[in-house]
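Here is a walk through one protein chain. Keep the sequence and the 3D view side by side as you read.

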Amino acid sequence: MKKISVFALAFTLAFTTSCKSDKKETNTTETEVESTNNTEKTTTEKSYDGGDVWVNLNAKSGSSVKGTAVFENKGDSVSMLLTVSGLEPGEHAVHLHEKSDCSAEDGTSTGGHWNPTGQPHGKWGADEGYHKGDIGNFTASDNGKATFTFATDEWCIGCGDDTKDILGKAIIIHQGTDDFTTQPTGAAGGRISCGGVIQ
């Protein structure tokens, strides 16, 4: 009788230990799958697939200015189509800034104008020099809306050339106009809308 009791006890312990081992392996596998899925999701969100880049512009500095910018590869050049609403009627400056970080309420987290070649601020194409981010001014209508297009062979999307690649930059709309003279900003006023170009 003692032998049967000892055998039964040994069988119960072996069965319980086996179940616990199986449970641990299952949990470990689930954790590894979750970790892999999170990594894939992060990579997908920050990758560039070679197509057009759509950027949402969000209001900054207490404004209601929002819109979109679409950047498109066109052969050896890049075109930008900017569509904005919520503006004060009249002229406003638009620039590309150094960092694709719109987290600050006033947009200052984007840094200064994108200037990879170390030039003075100026009007695009000027002999005296200009930043690669010095796009210029556009005009908002009486209803606060504007559409603006720009194209250049001095930009690229995802080409890896630090003097041309706009990935990782931000597009900023300013409250005022760019005078193309004042260094280093053009006295364009506050940053009223911001969109980060995909990183």
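**A tour of the fold**

The protein chain has 1 helix and 8 strands. Helices (H or I, at least four residues) and strands (E, at least two) are DSSP runs, numbered from the N terminus. Along the sequence, the order reads α-β-β-β-β-β-β-β-β. The model is predicted: local features need pLDDT of at least 70, side-chain atom pairs count only at pLDDT 80 or more, and totals for chains, interfaces and linings use all residues. Residues are numbered from 1 along each chain as its sequence is written, and side-chain values use heavy atoms, with hydrogens and water left out.

Begin with the whole chain. Of its 199 residues, 35% count as buried. Buried means under 20% relative accessible area, exposed means over 50%, and partly exposed lies in between (1.4 Å probe, protein chains only). The accessible surface comes to about 11,500 Å². Carbon and sulfur atoms hold 52% of that surface. Areas come from the Shrake-Rupley method with a 1.4 Å probe; for residues, only the protein chains shown count as cover. Contact means heavy atoms within 4.5 Å. Among contacts with a separation of 6 or more, 60% join residues 24 or more positions apart.

Now look inside. The largest nonpolar core has 28 residues. Such a core is a set of buried Ala, Val, Leu, Ile, Met, Phe, Trp, Tyr and Cys residues joined through side-chain atoms within 4.5 Å. Phe71, Met80, Leu82, Leu87, Trp155, Ile171 and Ile173 touch the most other members. Two or more core residues come from each of strand 1 (53–59), strand 2 (66–74), strand 3 (77–85), strand 4, strand 5, strand 6 (146–152) and strand 7 (170–174). Strand 3 gives the largest share, 4 residues. Which residues does Met80 touch, not counting those up to four places away in sequence? They are Val70, Phe71, Ile135, Phe148, Thr149, Phe150, Trp155 and Ile171.

Strand 5 comes next. Of its 7 residues, 6 are buried, so strand 5 is largely enclosed by the rest of the structure. Strand 4 and strand 5 pair in the antiparallel sense over 6 bridges. Two strands pair if DSSP finds at least two bridges between them. Glu91 has Thr139 of strand 5 as its bridge partner.

The loop between strand 4 (90–97) and strand 5 (134–140) holds His131. His131 has a relative accessible area of 4%, so it counts as buried. A polar atom of its side chain lies 3.3 Å from the backbone nitrogen of His121. Leaving aside neighbours within four places in sequence, His131 is in contact with residues including His113, Trp114, Trp124 and Pro184.

Finally, turn to the cysteines. The whole structure has 2 disulfides, each a pair of cysteine sulfur atoms within 2.5 Å. One joins Cys102 to Cys194, S to S 1.9 Å. This pair links distant parts of the chain, 92 residues apart: Cys102 sits in the loop between strand 4 and strand 5, and Cys194 in strand 8 (residues 191–196). The link is left-handed, with -75° about the S-S bond. Cys194 is buried, at a relative accessible area of 1%.

A disulfide also joins Cys156 to Cys159, S to S 1.8 Å. Its torsion about the S-S bond is about -45°, so this disulfide is left-handed. Is Cys156 buried or exposed? At 9% relative accessibility, Cys156 counts as buried. Cys159, at 43%, counts as partly exposed. With bonded cysteines counted along the chain, the disulfides follow the pattern 1-4, 2-3.

Technical notes
Polar contact = N/O pair within 3.5 Å; in protein donor to acceptor, adjacent residues only side chain to side chain.
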